[in-house]
Amino acid sequence: MHAQIIRQFGSPDVFEPATLQRPAVLPGHVLIRVAATSVNPIDTKIRSGAVPNVAPGLPAVLHGDVAGVIEETGAGVTSFQVGDEVFACAGGVKNTHGGALADYLLVREELVAPKPRTLSFQEAAALPLVSITAWEAVFERGRIQEGQNVLVHAGTGGVGHIALQLAKLTGATVHTTVSTDRKAEIAKRLGADHPIFYRQSEVDDYVKQYTGGEGFDVVIDTVGGANIDRSLQAVKIHGHVVTIAARSTHDLSLMHNKGLTLHAVFMILPILTGKGLQRHGEILRQISRWVDEGKIKPLLDEKTYAFAQVAEAHRRLESGQAVGKVTLINENFS
């Protein structure tokens, strides 16, 4: 099979084409013929060598998000059959059988779900990692409820654009930070009630404007770094902050003074540990149903790439210029 591999960590230029042996199917696994994938920040961090504790051994095929067709099923597989269109986040890290930047990917059955019927493979490939992450942040950690005031940072980003849609489904009033008029319009189309131009408004100002100075019930931080401090500032007393990027150091005095809870979501933990894999498949099945019911829609960046252009796709995400998910189509898929 054709693949894009890395033999060392570094810049996007480390990707190179290779011909590899097609994976042999294992019991409890399915072999997916890969149609599309997408780039997530964890993919760029793995490629650069920034997170060696989760990186696969070299040479490696990267990327976790996959959409494609079941090519073969292993012994004991009951949920899928050859020809089924599916999606998952299931590769590109330790304890996986390769990554999605190849013609085929071997995946544990529990991680896979039927692809939304109303989406293309490219659109479906944008969803798995960000949907599971947003689900954990909104429902399992933030426990957002009807009537709450919620702030989702970066509402047109990968996790942010799904988190704001899930939060809206709960009946909460959803605010989201954006940087431009275009992003504000996109966020409103996705269901945001109040876009907040964070470059033009201080935290205390928008907390006063939208919550009367009380603070938001739940803040979903999809940015990390100094934005965690802003999130602690924006949330109300006894409120909840959920972050998906906690690899940084902070003064938690404000958290203590307001009696806050701070949650970190690390979506790939079940893949790394082998525990809780079935939950990922269950979440994606519900996401698939909601997509087909018109309740959730993926946001794709305007630029599309072939697998052979993976270096350009990584540069696009790292540039900060992408709006929504950066996706790649397998030029060998048919």
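Where does Pro59 lie? I looked it up in the model, which is a predicted one: Pro59 is in the loop between helix H1 (41-48) and strand S4 (65-73).

**Entry 1**

I checked the peptide bonds here, and the one from Leu58 to Pro59 is cis, with omega near -5°. Then I moved along to His63, which is found in the loop between H1 and S4 as well. His63 is not a glycine, yet I read a positive phi of about 90° for this residue. Is His63 buried or exposed? I get a relative accessible area of 0% for His63, so I put it down as buried.

**Entry 1: Ile6**

Next I went to Ile6, which has its place in strand S1 (residues 2-6). Its relative accessible area is 0%, so Ile6 goes down as buried. What does Ile6 touch, leaving out residues up to four places away in sequence? My list reads Val14, Phe15, Arg47, Leu58, Pro59, Ala60 and Leu62.

**Entry 2: the cavity**

How many cavities of 30 Å³ or more does the structure hold? I find one. I noted about 40 Å³ of space in the largest cavity. For its lining I wrote down Ile42, Asp43, Gly64, Cys89, Gly91, Val93, Leu129, Ile268 and Ile271. Sorted by class, that makes six nonpolar, two polar and one charged residues.

**Entry 3: helix H5**

I turned to helix H5 (residues 181-189) and picked out its buried residues: Lys183, Ala184, Ile186 and Ala187. Why do I say they line one face of the helix? Looking down the axis of H5, I see the buried residues fall within an arc of 165°, so they line one face. A reminder to myself: an α-helix has 3.6 residues a turn, so residues three or four places apart point the same way. On the face of H5 turned away from the buried side I find the exposed residues Asp181 and Arg189. What do the buried residues of H5 pack against? I have helix H4 (158-169), strand S9 (173-178) and strand S10 (194-197). Just after H5, I noted a positive phi of about 120° at Gly191.

Asn95 sits in the loop between strand S5 (85-89) and strand S6 (104-108). I read a positive phi of about 65° there, although Asn95 is not a glycine. Its relative accessibility is 59%, so I count Asn95 as exposed. Ser120 is in the loop between strand S7 (113-114) and helix H2 (121-125). I have Ser120 as partly exposed, at a relative accessible area of 34%. The C-alpha atoms of Ser120 and Ala35 are separated by 9.7 Å, and the two residues are 85 apart along the chain.

**Entry 4: the record**

Last, I checked UniProt, where an unreviewed entry lists residues 10-328 as "domain: Enoyl reductase (ER)". I took that span in the model and found its end C-alpha atoms 20 Å apart. Residues 10-328 come out as 32% helix and 25% strand.

Key:
Residues are numbered from 1 along each chain as its sequence is written. This is a predicted model: local features need pLDDT of at least 70, side-chain atom pairs count only at pLDDT 80 or more; totals for chains, interfaces and linings use all residues. Side-chain values use heavy atoms; hydrogens and water are left out. On a 1 Å grid over the protein atoms alone, a cavity is a set of points where a 1.4 Å probe fits but cannot get out, and a pocket is an open set with protein on both sides within 12 Å along at least five of seven lines; lining residues have an atom within 4 Å of a point. Grid points are joined across faces, edges and corners, and a volume is the space filled by probe spheres set on the points. Ala, Val, Leu, Ile, Met, Phe, Trp, Tyr, Cys and Pro count as nonpolar, Asp, Glu, Lys and Arg as charged, and the others, Gly among them, as polar. Buried means under 20% relative accessible area, exposed over 50%, partly exposed in between (1.4 Å probe, protein chains only). Helices (H or I, at least four residues) and strands (E, at least two) are DSSP runs, numbered from the N terminus. The arc is that of the directions from the helix axis to the C-beta atoms. Contact means heavy atoms within 4.5 Å. UniProt positions are given in the numbering used here, feature names are shortened, and annotations may be inferred rather than shown by experiment.
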